[in-house]
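Let's take a walk through this structure together, starting at a helix and ending in its pockets. Have the sequence and the 3D view at hand.

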Amino acid sequence: MYNRLSLFVGLIFISCLASNQVFAQESYQDFTPGKIWKDNNGIHINAHGGGIVYSKGVYYWFGEHKIEGEKGNTAQLGVHCYSSKDLYNWKDEGIALSVSEDLKSDIAKGCILERPKVVYNKKTKKFVMWFHLELLGKGYAAARTGVATADKATGPYTFIKSYRPNPGILPFYASGTPENEKVNCERPANKSDGFFCRDLPGGQMARDMTIFVDDDGKAYHIFSSEENFTLHLAELTPDYLGHTGKFIRIYVGQQTEAPALFKKDGIYYMIGSGCTGWAPNPARWFKAKSIFGPWEYMGNPCVGSGADKTFGGQSTYVLPAPGKKNAFIFMADKWEPKNAIDGRYLWLPIQFVDNKLKIEWSDKWNLNFFK
């Protein structure tokens, strides 16, 4: 009896130790940019190039699921989803959108599926996911955008279609725009205009991207186009499943990618990057009084050591801080193309100084920063 009791007590003690160890792995109270960030299973979060949607008190983080090695730069499983109520501790919700085993599918296993962003449509009550898609075996030649939907945030998401946006349609220009600032496909003024005109019949290239939903419920797709030389900002249809044909070009010819858009006090802000492959470069930011511009280039928002390379990362999303007015979190990814699964996340607070953005490095911080 004594031996059995000792064994029972011992098992309880070991179980408690194990539980405490798991709890220690799960519990975070701070952001530690660039460090391993474990989920509820003690595994580094696998949601790269992602974005976040908030629904009924829960945050859902969607991103590219990576595997080890260079093969991890292709989609072997799909889009991963995690959930959290505090932004520090994340629960693995599994694969929200799975790639297809059908090699003829647009999202066939091994395709390139990047920068997934999910938004909620209040009218249709659907969660809508957009992403940059490159077809299997085509490298980066397809330059498409893809869309999928689900009835609940965690999915499963059903793939609908992929395509190039706005075929045969010229950009929207505000009244009074000089003619020499408009694209002229009879006489393209520069290399970027030439790419635009080349792709006009079949639709514009759509690579690095984000989705932004404005206060009035209208949604916009912002993406690198024209061989990554120019950003497009395009209005989506009311169901968020297509493009209306109204779009503008931003910072023409300047090779901007990794757009992340947000709004504060009626002003639109956007953070992006240059175009240097996987290598980090200086971030850049823009602002506008109207979603359709004009957008003003404002320089590099990052300051301090490492600012010239965005602290080793690249923008992917800007998240409004929970319960804080006019407080925002800059989300960036540190890419590791030789071993994709080891990508790290750089979350940093955005500061506003004299109406300008300021992003500083911090080894550790939490939401109390915004008090």
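At the start of helix 2, a side-chain oxygen of Asn-190 comes to within 3.2 Å of the backbone nitrogen of Ser-192. This is a predicted model, in which local features need pLDDT of at least 70 and side-chain atom pairs count only at pLDDT 80 or more, while totals for chains, interfaces and linings use all residues. Residues are numbered from 1 along each chain as its sequence is written, and side-chain values use heavy atoms, with hydrogens and water left out. Helices (H or I, at least four residues) and strands (E, at least two) are DSSP runs, numbered from the N terminus.

Stay with helix 2, residues 191-199, for a moment. Its buried residues (buried being under 20% relative accessible area, with a 1.4 Å probe and protein chains only) are Ser-192, Asp-193, Phe-195, Phe-196, Cys-197 and Asp-199. These buried residues pack against strand 11 and strand 12 (243-250), where contact means heavy atoms within 4.5 Å.

Those strands lead us to two loop residues. Tyr-240 sits in the loop between strand 11 and strand 12, and its relative accessible area of 4% makes Tyr-240 buried. Leaving aside residues up to four places away in sequence, the contacts of Tyr-240 include Val-119, Tyr-120, Trp-130 and Val-213. Tyr-240 and Thr-124 lie 116 residues apart in sequence, yet their C-alpha atoms are 9.3 Å apart in space.

Beyond residues up to four places away in sequence, Asn-228 touches Arg-207, Gln-255, Thr-256, Glu-257 and Cys-275.

Now for the open spaces. A pocket is an open set of points on a 1 Å grid over the protein atoms alone, where a 1.4 Å probe fits, with protein on both sides within 12 Å along at least five of seven lines; lining residues have an atom within 4 Å of a point. The largest pocket is lined by 40 residues, and Val-53, Val-119, Tyr-120, Val-213 and Asp-214 lie nearest its centre. Among the elements that give two or more residues to this lining are strand 5 (112-121), strand 9 (209-213) and strand 11.

The second largest pocket is lined by 20 residues, with Tyr-173, Thr-177, Glu-181, Arg-249 and Val-252 nearest its centre. Strand 12 gives the most to this lining, with three residues.

Key. Buried means under 20% relative accessible area, exposed over 50%, partly exposed in between (1.4 Å probe, protein chains only). A polar contact is a pair of N or O atoms within 3.5 Å; within protein, one must be able to donate a hydrogen and the other to accept it, and residues adjacent in sequence count only if both atoms are side-chain atoms.
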